[in-house]
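Here is a short briefing on one protein chain. Read it alongside the sequence and the 3D view.

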Amino acid sequence: MLNIRKTRLMTKLAIYEQGPGKQDIRLSKYYKSDYVRLQILKTILSVTVGYLLVLTLVGLYKSEYLIAQAVNLDYRAIGMTVLVIYVVLLTVYTVGAIIGYSIKYDLSRGKLAKYFRMLKVMRRFYRDEESGEAAGNEEANHD
């Protein structure tokens with residue numbers, strides 16, 4: 001006989017596992033600090049590559065001016081400006097990554113807690129079915 005509650009619960013679990021739960025389950029393999037550190041490393045790498053690409057594009061755009069003024073440029077000031085902008089960008093993005101990925105991890109843990117509660121209910125359904133079948137088999141053997 002079909003159990004409607006069990007079917008609904010199984011459907012909810014399957015939808016969660018196939019949809020948003022995929023990433024939540026993947027995140028559950030990490031400690032929060034490890035996950036946030038990994039994301040910070042990715043962020044630092046992305047900011048660095050992006051900044052180098054922007055610097056290259058600006059350098060190519062201003063190449064005529066740079067070549068014409070190569071002797072007169074204050075390279076120390078340019079270098080300091082480039083470095084300060086990089087450090088500020090890196091700091092802003094790193095702090096944003098720490099906050100954002102910490103929140104994402106915490107929200108994921110909340111969803112997983114609900115998922116695990118539903119799994120516990122599902123286990124109870126199966127345990128009740130097994131105990132009911134075992135009782136039915138014992139009655140059949142006694143007759």
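Y101 is partly exposed, because its relative accessible area is 25%, between the 20% and 50% cut-offs. The model is predicted. Y35, the ring partner of Y101, is buried, with a relative accessible area of 3%.

**Aromatic pairs**

- A search of the whole structure finds 6 aromatic pairs.
- Y35 and Y101 form one of them, with ring centres 6.0 Å apart.
- The planes of Y35 and Y101 stand at 85°, so this pair is edge-to-face; the cut-off for that class is over 60 degrees.
- This pair links distant parts of the chain. Y35 sits in helix α3 (residues 32–61) and Y101 in helix α5, 66 residues apart.
- Y51 and Y86 form a tilted pair, because their planes meet at 40°. Their ring centres are 5.5 Å apart.
- Y51 belongs to helix α3 and Y86 to helix α5, so the pair ties together parts that are 35 residues apart in sequence.
- Y51 and Y86 are both buried.
- One aromatic cluster is made up of Y30, Y35, Y101 and Y105.

**Nonpolar surface patch**

- A nonpolar patch lies on the surface. Its members are M80, L83, V84, I85, V87, V88, L89, V92 and Y93.
- Together these residues have about 810 Å² of accessible area.
- V92, one of the patch residues, lies in helix α5, which covers residues 75–142.
- V92 counts as exposed because its relative accessibility is 55%, and the cut-off is over 50%.

**Helix α1**

- Helix α1 covers residues 4–18, a run of 15 residues.
- From its first C-alpha to its last, α1 reaches 21 Å. That is close to the 21 Å expected at 1.5 Å a residue.
- Which residues of α1 are buried? They are K6, L9, L13 and Y16.
- Seen down the axis of α1, the buried residues fall within an arc of 95°, so they line one face of the helix.
- R8, I15 and Q18 are exposed, on the other side of α1.

**Points to check in the view**

- In helix α3, find Y35 facing its edge-to-face partner Y101, then Y51, whose tilted partner is Y86.
- In helix α5, find V92, which is exposed, and then Y86, which is buried.

Key. Residues numbered from 1 in each chain as written. Predicted model: local features only at pLDDT ≥ 70, side-chain atom pairs only at ≥ 80, totals over all residues. Heavy atoms only, no water. Patch = residues over 30% accessible without salt bridge, like charges linked within 9 Å, V, L, I, M, F, W, Y side chains within 5 Å. Areas by Shrake-Rupley, 256 points an atom, 1.4 Å probe, with all protein chains shown as cover. Salt bridge = Lys/Arg side-chain N within 4 Å of Asp/Glu carboxyl O. Helix = DSSP H or I, 4+ residues; strand = E, 2+ residues; numbered from the N terminus. Buried < 20%, exposed > 50% of the residue type's maximum accessible area, 1.4 Å probe, protein only. Phe/Tyr/Trp six-rings, centres within 6.5 Å; stacked < 30°, edge-to-face > 60°. Expected span 1.5 Å × (residues − 1). Arc of directions from axis to C-beta.
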